[in-house]
Amino acid sequence: MRCIRTRGTVATHDKIRAQLLKGTTPLLVLTVLKDGELYGYEIAQRIRERSGGAFTPSEGALYPALHALEADGALEASWRESDRGPRRRYYRITRVGLGLLDQHAQEWASFSLSVGKVVGGPNQ
Amino acid sequence: MIGLLGILSVLTLLVGTTVALVRWSERRLDPGADARGLSGPAATEADAVASYLDRLKVSLTLPAADVAEVSGEIQDHLRDSIAALEDEGFVYLDAVIEALGRLGPAAELGRQLSSAHQSTRRLLAGAGGGVFAAAGGLVLGWIGGIALAYLVVICGALGFGLLSRLALPVPDFGSDGNVTVNSLMMAGSLLVGAAVSTRYAVHTSAGLSRRTPHSVAPFWAVAGAIAFAWLAVFEMRGPQSWPGFVACLCVPVVSIGAALVRIERTITHAVRWALLAGLGGSLTLLASLGLMLAVTLADRSSPTVTASQAEPDMHFGLVAPLAPQVWLPDGTTTDGGWTQPSQESGTTFYVDIDATELANWHDLRFEAWRGLDDNEAGLDPGFSTPLVSQPAARDGTTVAATIHFERMRDASSWWVFLTGLGPDGQRYRLGETLGGGSSIFYGSAWDWLTASQ
């Protein structure tokens with residue numbers, strides 16, 4: 001009985017985290033690409049590293065987000081030989097992407113502050 | 001001259017831009033274009049990975065180049081992911097299952113990736129690019145069609161010349177003043193234009209909107225069929241014949257076929273084909289001019305044969321008896337004539353006469369009767385009714401009527417008379433004839449179908 005409750009708690013925890021991450025994937029992607037071009041798997045790894053291993057974007061959501069950002073002109077992609085292994089599809093942030101990143105960052109700061117106030121209560 | 005050069009420049013720019021646009025768009029439709037050099041599946045990869053990638057490819061509703069790129073990228077990702085999981089201590093098969101699980105169901109991933117590519121902006125670009133490519137393709141195809149038609153005519157003439165040399169029977173396509181040949185050439189050039197236009201539109205819109213050609217083809221098939229049917233049946237004016245009319249009806253069918261049949265195949269060497277068509281057309285034109293020059297010179301050098309001409313029976317009596325001279329004012333049949341200002345405004349016949357001098361005459365009409373074909377003069381005795389009869393409008397000292405021979409299917413040769421009911425109530429010809437001539441039908445396919453004769 002105890003075991004089942006623990007599993008359920010973990011599952012709920014993952015579900016909440018996944019939902020919170022869903023809307024922030026473009027922000028996280030643009031942020032890590034600001035430092036230089038990366039390919040898909042590297043982007044996921046870099047996000048995990050920078051979050052201290054706290055979260056990794058869903059790989060199923062990462063690639064649609066990358067391709068949508070590319071379609072919007074926020075990213076540019078090109079096939080190149082990687083330092084190790086076969087050719088990779090590298091993503092690079094564009095001027096449009098930098099503008100979008102600023103927008104997303106401001107939105108996120110405002111949003112997280114508001115959520116913090118609500119969650120922390122009136123004395124926060 | 002400057003206007004002509006301007007039009008030529010615009011057409012050249014349109015065609016050149018279109019060909020470049022189609023070529024650029026087709027890069028997305030060719031699976032090998034941007035995806036060359038992608039690593040193929042490693043021999044050691046599990047069947048599960050290959051199966052996942054296959055399901056992903058099926059669910060991607062994107063052009064072939066995008067499908068190749070996306071599947072190549074996901075394949076690379078899986079390779080990295082599996083290797084990392086193995087480093088973490090997973091056994092290979094468990095690593096594969098875990099890596100695939102992290103990506104989620106292939107169908108869902110494919111749907112999301114397709115959706116990410118197919119933005120509204122790209123859809124609008126595809127629609128606009130498709131319309132532009134259709135216009136350019138129509139011009140290019142039409143020019144190519146004309147060149148092709150001339151080529152066929154020249155080949156046909158050479159073939160018939162050969163048959164004639166061999167004393168074999170030669171089909172006579174020129175007996176109707178080449179109307180059939182001309183109408184077929186006109187419809188044929190539109191057929192080629194419609195085919196090129198529709199195919200260009202499908203490929204360009206698919207490439208720009210990041211959709212598969214077969215997913216956008218039905219739209220362009222319907223749009224092309226409607227637009228080209230309207231153009232072929234109502235708008236394209238010129239000589240008409242039944243074979244040409246049937247060819248016009250084929251235009252929308254060809255447009256649909258061009259949009260749907262083997263549409264996934266890219267149009268290879270568009271520029272090369274355009275150049276070949278242009279070169280072929282130019283050579284054909286030069287050959288035609290040379291042939292005409294040779295025929296003209298041959299005619300000049302041949303001796304003129306003068307035959308004694310007996311006065312033929314013109315069969316004018318079929319129309320009505322000639323009115324007695326005493327009932328007619330002087331010069332009734334000579335002070336008049338006819339004008340044919342343009343191919344579409346009909347032929348106006350007039351007779352200068354003082355209306356008061358025809359006070360005893362009623363129901364004046366201009367009657368056109370079918371003439372004998374070829375070089376024989378006179379009315380065709382096989383007909384007992386006029387081709388067309390038009391009431392004469394009196395205007396001061398002139399009686400006139402306009403007859404639209406160009407809207408009659410079978411009015412290649414005609415004679416026109418002014419007739420009226422004389423003082424005794426009988427119909428008479430007021431003079432011999434106002435003249436004879438020949439006309440060819442000129443109008444749209446719809447005009448041809450609805451023509452009275």
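The following paragraphs lead through a predicted model of a complex, from its confidence values to its chains, their contact and several single residues.

Because the model is predicted, local features are considered only at pLDDT of at least 70 and side-chain atom pairs only at pLDDT 80 or more, while totals for chains, interfaces and linings use all residues. Residues are numbered from 1 along each chain as its sequence is written, and chains are lettered from A and ligands numbered from 1 in the order in which they are written.

The predictor assigns the complex an ipTM of 0.81 and a pTM of 0.73. Confidence in each residue is expressed as pLDDT, on a scale from 0 to 100. Chain A has a mean pLDDT of 81, with 77% of its residues at 70 or more; for chain B the mean is 82, and 83% of the residues reach 70 or more. Some stretches fall under 50. In chain A this applies to residues 1-7, for which the model has zero contacts beyond four places in sequence; two residues are in contact if their C-beta atoms, placed from the backbone, lie within 7 Å. In chain B, residues 33-44 also stay under 50, yet the model has 18 contacts beyond four places in sequence for them. Where pLDDT is low, the predicted coordinates should not be read in detail.

Chain A contains five helices and three strands. Helices (H or I, at least four residues) and strands (E, at least two) are DSSP runs, numbered from the N terminus. Along the sequence, the elements of chain A follow the pattern α-α-β-α-α-β-β-α. Of its 124 residues, 25% count as buried. A residue is buried if 20 or more other C-beta atoms lie within 10 Å of its own, exposed if 12 or fewer, and partly exposed in between, with C-beta atoms placed from the backbone. Among the contacts in chain A between residues at least 6 apart in sequence, 51% join residues at least 24 apart.

Chain B has 11 helices and 11 strands, and 38% of its 453 residues are buried. For contacts in chain B between residues at least 6 apart in sequence, the share that joins residues at least 24 apart is 78%. Chain B is divided into domain 1 (41-117), domain 2 (120-283) and domain 3 (316-449), with bounds from an automatic or database domain assignment. The centres of domain 1 and domain 3 of chain B, taken over C-alpha atoms, are separated by 84 Å.

The two chains meet in a contact that takes 15 residues from chain A and 20 residues from chain B. On the side of chain A, the elements that give two or more residues are helix H3 (40-50), helix H4 (59-71) and strand E3 (87-93). H4(A) supplies the largest share of that side, seven residues. By class, the side of chain A divides into seven nonpolar, three polar and five charged residues; Ala, Val, Leu, Ile, Met, Phe, Trp, Tyr, Cys and Pro count as nonpolar, Asp, Glu, Lys and Arg as charged, and the others, Gly among them, as polar.

Ala116(B) gives a detailed view of the contact. This residue is found in helix H5 (residues 106-117) of chain B. Leaving aside neighbours within four places in sequence, Ala116(B) is in contact with Pro64(A), His67(A), Ala68(A) and Ala71(A). Ala116(B) counts as buried because 21 other C-beta atoms lie within 10 Å.

Within chain B, H7(B) and helix H9 (residues 242-260) pack at an angle of about 10°, with their axes 8 Å apart. Axes are lines fitted to C-alpha atoms, for helices over the stretch in contact, and angles run from 0 to 180 degrees between N-to-C directions. H7(B) and H9(B) are therefore roughly parallel to each other, a term for angles under 35 degrees. Their contact has 16 nonpolar, six polar and one charged residues.

Arg210(B) lies in the loop between helix H7 (179-209) and helix H8 (213-235) of chain B. Its phi is near 55°, a positive value in a residue other than glycine, and Arg210(B) is buried, with 23 other C-beta atoms within 10 Å. Asp363(B), in strand E4 (residues 362-370) of chain B, also has a positive phi, near 50°. Asp363(B) is exposed, with 10 other C-beta atoms within 10 Å.

Terms used
Parallel < 35°, antiparallel > 145°, perpendicular 65-115°, else oblique. pLDDT = per-residue confidence, 0-100.
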